[in-house]
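Good morning, and thank you for coming.

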Amino acid sequence: MARTTQPFYQRALLRWMPGAKGWAIGLPFAFLLVFFMLPFLMVLKISFAESTMDVPPFTHLLVLGQDKLTVLLNFESYLTIVQDDIYFAAYASSLTVAFFTTFFCLLVGYPTALLIANARPALRNLLLMGIILPFWTSYLVRVYAWIGILKDQGLANRLLMHLGLSDTPLALMHNTFGLYVGMVYSYLPYMVLPMYAFLVKMDASLPEAARDLGAKPWEVFFTITLPLSLPGMSAGCLLVFIPSVGEYVIPELLGSSQDLMIGRVMWSDFFNSIAWPLASAATCVMVALLLLPMAWFQRVQNREPQAL
Amino acid sequence: MKHLRRHLGSGFLALVFLFFYLPILSVVVYSFNESVIASQWTHFSLKWYAKLLGDSEILDACRTSLELALATACSSVVIGAWIGYVLANYRRFWGSTLFVAMVNAPLVLPEVISGISLLLLFVSLEQTLGWPQGRGMATMWIGHTMLCVSYVAITVQARLSAMDKSLTEAARDLGAPPLRVFFDITLPLIAPSLLAGWVLSLTISLDDVIMSAFLSGPETTTLPLALLSRMRLGLNPEINAIGTLIIAVVTLGVVANSYYLMKREQRQARHLRMAVLNTSSEGRVAQSPPT
C-alpha cells in the first residue's frame with residue numbers, strides 16, 4: 001500500500017536499486033574489481049606508455065589537444081622485451097627454476113605427505129604441527145638462516161671440513177645450489193599440506209583390497225595410490241610453481257647475481273632504473289605466461305575447495 | 001622387509017624434519033652467541049637482545065608492522081567473510097566466474113605482480129582524484145588486505161559449506177529477518193574460521209616483504225623491510241635475536257592451538273563413547289552429556 005503513495009521517481013529508483021542479494025554480492029564484487037581487476041588494467045595501460053623523467057615517470061595514452069583526441073600507444077617496451085636478451089633469459093630462467101623447484105618439492109613432499117597420512121593418528125597430528133610450524137614462522141628469517149648455514153664459514157662448510165670431506169670451503173650459496181635449497185625449503189609446505197589433506201581423505205580400503213588380493217607394495221602404489229592422488233598432486237604443484245616464477249627474495253639473498261629471475265629484473269626496472277612502462281610490460285608478459293597454469297589452478301580449487 | 005620399509009620411512013621423515021628445523025635451530029642458537037662473527041661460537045650472551053632494545057629503527061619498524069598487521073587482520077576478516085558468504089550461498093550469479101577467479105587468483109599470483117599493479121593503481125588515483133597522497137600506511141593496508149582476503153574467504157566458505165543448512169532455514173521459517181539470522185545463527189557457527197582467518201592474516205601481514213616494498217612510503221618501514229635491507233649488507237646477529245623472538249611467539253601459538261584442538265577432539269570422542277554406551281545400556285537415544 002505504502003508503495004503507491006510514493007512519488008514516481010522513488011518507485012523508479014526502487015526498481016533500479018539492487019535488492020538484499022544484489023548488495024550482498026555487489027559490494028565485495030566492486031571491492032575486488034577496484035583493487036584486483038583495475039590495477040591490472042592500469043598495468044596494461046602503462047605498459048603502452050612512454051618512459052619520461054616526470055613524476056609519475058610515464059606519458060598519458062590519451063591526449064586532448066587542438067580539437068582532437070590522440071591515442072598514443074607506444075610499443076617500445078614490448079619491443080625491448082622481445083629484443084633484449086636479458087628478458088628472454090630472465091623468463092626462461094624463472095620458468096626453469098620454478099619447474100625444478102616444483103619437481104624437487106614433489107619428490108620430497110609426496111613421500112612426506114604419504115608417510116604422515118599413514119602414521120598413527122596421535123603421531124600424525126604432531127607431525128602435521130611440525131610441518132605447519134615453520135610455515136607460520138617468518139619466511140624472511142628462515143631464508144636468512146640459510147645464509148648462516150651455507151656461507152663459506154657457515155655450519156655446512158665447517159662440518160664438511162671437520163669430517164675431512166673437503167679441504168677448502170665449497171661455494172654453497174650465491175649459486176644455483178643455494179637458490180634451490182632456499183626455494184625447496186620455502187615452498188615445500190605448500191606441496192605437503194594439500195597433498196596430505198588429499199591423501200588422508202582417500203579411501204583406505206582400496207589399497208587394502210589390492211594388498212589382500214596379492215598385489216606387491218609398489219604395484220599398489222603405482223596402480224592405486226598414485227593415480228587416485230593426482231588431484232592433490234596438481235593442487236600442490238600449482239601452489240608451488242606459480243608463485244615461484246615471480247620469487248624475488250630467495251634469488252636475491254641466496255642465488256647468484258648473474259642469473260636473474262624475472263622478479264628481480266622487474267624489481268630493478270621499477271626501483272633502480274625507474275622504467276615503469278618497461279616493468280609494466282614485463283608484468284603483462286608474465287601474467288600471460290601464467291594464465292594457463294592459473295586457469296588450471298582455478299579448476300582444481302573449485303573441484304576441491306578444502307585443498308588449502 | 002616390512003621392518004626395513006618402516007625404518008626407511010622414519011629415516012626419510014627424520015631427514016625432512018632436520019631440513020625444516022636446522023635453520024630455525026641455528027637462528028635460536030646463534031642469537032645467544034657472544035661473537036660478532038655470527039657463525040663462530042664463543043660463549044653465551046644476551047647482548048644481541050640488549051642491542052635490539054636500543055635499536056630504534058627496528059623498534060619503530062616493529063610498531064609499524066604490528067599496527068599494520070592488526071588493521072589488516074580486522075579488515076581482511078570482514079571483507080573475506082563477506083566474500084566467503086557469497087561464495088557459499090550464491091552459486092551462480094551474473095559474473096560469478098569472474099568473481100571466483102578474482103578470489104582464487106591472489107592465492108598463487110606472484111606478489112611482484114600484485115605489488116606493481118596496486119602501486120600503479122594508487123599512482124593513477126593520486127593523479128586523477130588526489131588520493132592517496134603519496135604512499136604509506138593506508139596504501140600498505142589495502143595491499144596487505146588484498147593479500148589476505150582470499151585466504152579468509154576460502155576458510156569461511158569451507159566452514160559455511162559444511163554447515164547444516166537447516167539451522168538457518170528453521171530460523172527464517174520462524175520469521176527471523178535475514179540480518180538477525182546472520183548474527184544469531186551464522187556468525188557464531190563460523191566464529192572459529194573467522195578467528196583462524198584473523199590469525200592467518202596477521203601472520204601474512206607481519207611476514208610480507210614484497211607488497212610492502214612497493215606500497216610503503218619513505219617514512220613507513222615495516223619490520224621485514226628493515227630486516228631485508230640489513231640482510232643485503234650481510235650477516236647481522238641482531239636478526240638472529242629478533243628471529244628467535246618471532247619463533248618463540250609462533251611456537252607458543254601453534255602449540256597452544258594444537259593442544260586445544262587435541263583436547264576438543266578427545267572431548268568429542270568421549271561424548272560419542274558415552275552416547276553410545278547410554279544407547280546400548282538403556283535402549284534409547286541418549287543426549288550428549290553437558291560439557
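How many residues does the contact take from chain B, and how many from chain A? The model is a predicted one, and in it the contact takes 71 residues from chain A and 68 from chain B. On the chain B side, the elements that give two or more residues are α1 (2–31), α3 (56–89), α4 (96–108), α5 (111–129), α6 (137–162), α8 (178–207), α10 (223–233) and α11 (237–282) of chain B. Of these, α1(B) gives the most, with 13 residues. By class, the side of chain B that touches chain A has 52 nonpolar residues, 14 polar residues and two charged residues.

Let me stay with one of those helices, α10(B). Its buried residues are Leu223(B), Pro224(B), Leu225(B), Ala226(B), Leu227(B), Leu228(B) and Met231(B). After α10(B) comes Gly234(B), which has a positive phi, near 125°.

Finally, the strands. In chain A, β1 (residues 62–65) and β2 (residues 68–71) pair in the antiparallel sense over four bridges. Val63(A) stands opposite Thr70(A) of β2(A). The two strands, β1(A) and β2(A), form a hairpin with two residues between them, and Gln66(A) in the turn has a positive phi of about 50°.

How values were computed
Residues numbered from 1 in each chain as written. Chains lettered and ligands numbered in written order. Predicted model: local features only at pLDDT ≥ 70, side-chain atom pairs only at ≥ 80, totals over all residues. Contact = placed C-beta atoms within 7 Å. Nonpolar A, V, L, I, M, F, W, Y, C, P; charged D, E, K, R; others polar. Pairing = 2+ DSSP bridges. Buried ≥ 20, exposed ≤ 12 C-beta atoms within 10 Å, placed from the backbone.
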